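User: I would like to learn how to read the features of a structure, one at a time. Can we start with charged pairs?

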Amino acid sequence: MSEFDSVCNRVTSSTTQFATTLKNIAANAGIVLGINFAIQAGKLAWDALNVTVEEQEAKVNSLQTAYQNLQSEYEQLSGKQDPTEAEKNRLSYLERRLELDERILKAEKSQLFEEKTGSKFTDLFDPENMETQYKKEMAGTGSEWNILSGFAQNRDGYAYLSGLYERKMEDIQASQQEIEKWTSYRDKMDEGSGNFPTL
């Protein structure tokens, strides 16, 4: 009996250990599944928020193609001499659909403009966004290294040239103000008097 009790205790002990191991595995699997679910939810949220210029252009092009197809169908049907009742109903439907699609297309084009020129956080990750391109140009292309200025800027890019233009215009305005100041001094002097105004 004592041997039997010993065997039963060993079996119970190993069963308890097995159950504990299964619980640990289940807990770890639950944690991994939870992390995976959170990552997938984050990716879906990012995709919903981050509409790129390329995606928006594809959407606009698709809508424009559909709109043009409806318009050509409408023009064919409206050109018929004696349309049937079904064709009249189709024409009426096409008129309403074209009006609605035109509004949608206009809104999507406006959204495309926003995506191209916007400065939202997600636009920083869109290489086709103009604001992102501008900032990248201002930061430099990384093609030339200069000890004094770090990475040199793209000297043919819009950002560099517009900054250069602004600096040159400031220099010109400063020179113009200097000329006006000296001209006003000259105008205060009597001609040929040799008296110089106080500066």
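Predicted model: local features only at pLDDT ≥ 70, side-chain atom pairs only at ≥ 80, totals over all residues.

Analyst: Side chains of opposite charge can pair when their charged atoms come close. The cut-off for a salt bridge is a side-chain nitrogen of Lys or Arg within 4 Å of a carboxyl oxygen of Asp or Glu.

Analyst: Helices are DSSP runs of H or I with at least four residues, strands are runs of E with at least two, and both are numbered from the N terminus.

User: How many salt bridges does a search of the whole structure find?

Analyst: The search finds seven. One of them joins glutamate 108 to lysine 59, with the closest N and O atoms 3.6 Å apart. That pair links distant parts of the chain: glutamate 108 sits in helix H3, lysine 59 in helix H2, 49 residues apart. Glutamate 108 is buried, at 15% relative accessible area. Lysine 59 is partly exposed, at 43%.

User: Which residue meets arginine 90 in a salt bridge?

Analyst: Glutamate 73 does, at 2.8 Å from N to O. This pair also links distant parts of the chain, with arginine 90 in helix H3 and glutamate 73 in helix H2, 17 residues apart. Arginine 90 counts as partly exposed because its relative accessibility is 32%. Glutamate 73 has 24%, so it is partly exposed as well.

User: How do I read a polar contact?

Analyst: Look for a pair of N or O atoms within 3.5 Å; within protein, one must be able to donate a hydrogen and the other to accept it, and residues adjacent in sequence count only if both atoms are side-chain atoms. The side chains of glutamine 56 and glutamate 108 make such a contact at 2.5 Å. Glutamine 56 lies in helix H2. Its relative accessible area is 3%, so glutamine 56 is buried.

User: What else does glutamine 56 touch?

Analyst: Contact means heavy atoms within 4.5 Å. Not counting residues up to four places away in sequence, glutamine 56 touches Val51, Glu108, Gln111, Leu112 and Glu115.

User: Where is glutamate 87, and is it buried or exposed?

Analyst: Glutamate 87 is in helix H3. It counts as buried because its relative accessibility is 17%. Its side chain makes a polar contact of 2.6 Å with the side chain of lysine 80. Leaving aside neighbours within four places in sequence, glutamate 87 is in contact with Leu77, Lys80 and Asp82.

User: How do I check the length of a helix?

Analyst: The expected span is 1.5 Å times one less than the number of residues. Helix H2 (residues 53–78) has 26 residues, so it should span 38 Å; its end C-alpha atoms are 37 Å apart, which agrees.

User: Which residues of H2 are buried, and what do they pack against?

Analyst: Val53, Gln56, Val60, Tyr67, Leu70 and Leu77 are buried in H2. The buried residues of H2 pack against helix H3 (85–117).

User: Which residues form a nonpolar patch on the surface?

Analyst: Patch members have over 30% relative accessible area and no salt bridge; like charges are joined within 9 Å, nonpolar side chains (Val, Leu, Ile, Met, Phe, Trp, Tyr) within 5 Å. Trp46, Phe121, Leu124 and Phe125 make up the patch, with about 430 Å² of accessible area together. Such areas come from the Shrake-Rupley method with a 1.4 Å probe, and for residues only the protein chains shown count as cover. Tryptophan 46 belongs to helix H1 (residues 2–49). It is partly exposed, with a relative accessible area of 32%.

User: What is the order of elements from the N terminus on?

Analyst: They run α-α-α-α-β-β-α, from five helices and two strands. Of the 199 residues in the chain, 16% are buried.

Conventions. Residues numbered from 1 in each chain as written. Heavy atoms only, no water. Buried < 20%, exposed > 50% of the residue type's maximum accessible area, 1.4 Å probe, protein only.
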